[in-house]
Amino acid sequence: MTLRRLASHTSGIPDHEILFFDQAPRLSPDATVARYGFAAWAPGSRFEYSNLNTATLGFISAETAGKPWPRFMQESIFDPLGLRSTFAELPRDREAEAAGALAEHLTKQYDYDISGRFVGDGQLRTAHH
């Protein structure tokens, strides 16, 4: 596996949703990759979107930068490009504030619960969050 294969979703890592189960215990980046970061097929042999590819790139960039991933993204990408309304992480209670004039377009977010059911999480979230 290479960084390029992670970024292009050709690493061989299958789709991985447990990063987002509401009631699942959060694993450390090392434990997440050790448990779920396996190649189910030969890297480069096929494309399959995997949230763990993206998360692993985040883990690597945070470790390399020596700072949390949201701060790395803000300082290294969003601020230099002048992206004042772009964020990597936002507390749920600040979503309407961040949406500003678009707050009326907030939608209910759906997610998987610990048993794998697709359910509404009861929070108002932006459609693209």
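**Exercise 1. Find what the buried residues of α3 pack against.**

Solution. The buried residues of α3 pack against α1 (3–7), α2 and α4 (69–78). Helices here are DSSP runs (H or I, at least four residues), numbered from the N terminus. Buried means under 20% relative accessible area, with a 1.4 Å probe and protein chains only. The buried set of α3 is N51, L52, N53, A55, T56, G58, S61 and A62.

The model is predicted: local features need pLDDT of at least 70, side-chain atom pairs count only at pLDDT 80 or more, and totals for chains, interfaces and linings use all residues. Residues are numbered from 1 along each chain as its sequence is written, and side-chain values use heavy atoms, without hydrogens and water.

**Exercise 2. Check the span of α3.**

Solution. Take the 15 residues of α3. The expected span is 1.5 Å times one less than the number of residues. That gives 21 Å. The end C-alpha atoms are 21 Å apart, so the two agree. After α3 comes G66, with a positive phi near 75°.

**Exercise 3. Classify I77 by its accessible area.**

Solution. I77 lies in helix α4. Its relative accessible area is 31%. Therefore I77 is partly exposed, the class between buried and exposed (over 50%).

Methods: Helix = DSSP H or I, 4+ residues; strand = E, 2+ residues; numbered from the N terminus. Contact = heavy atoms within 4.5 Å.
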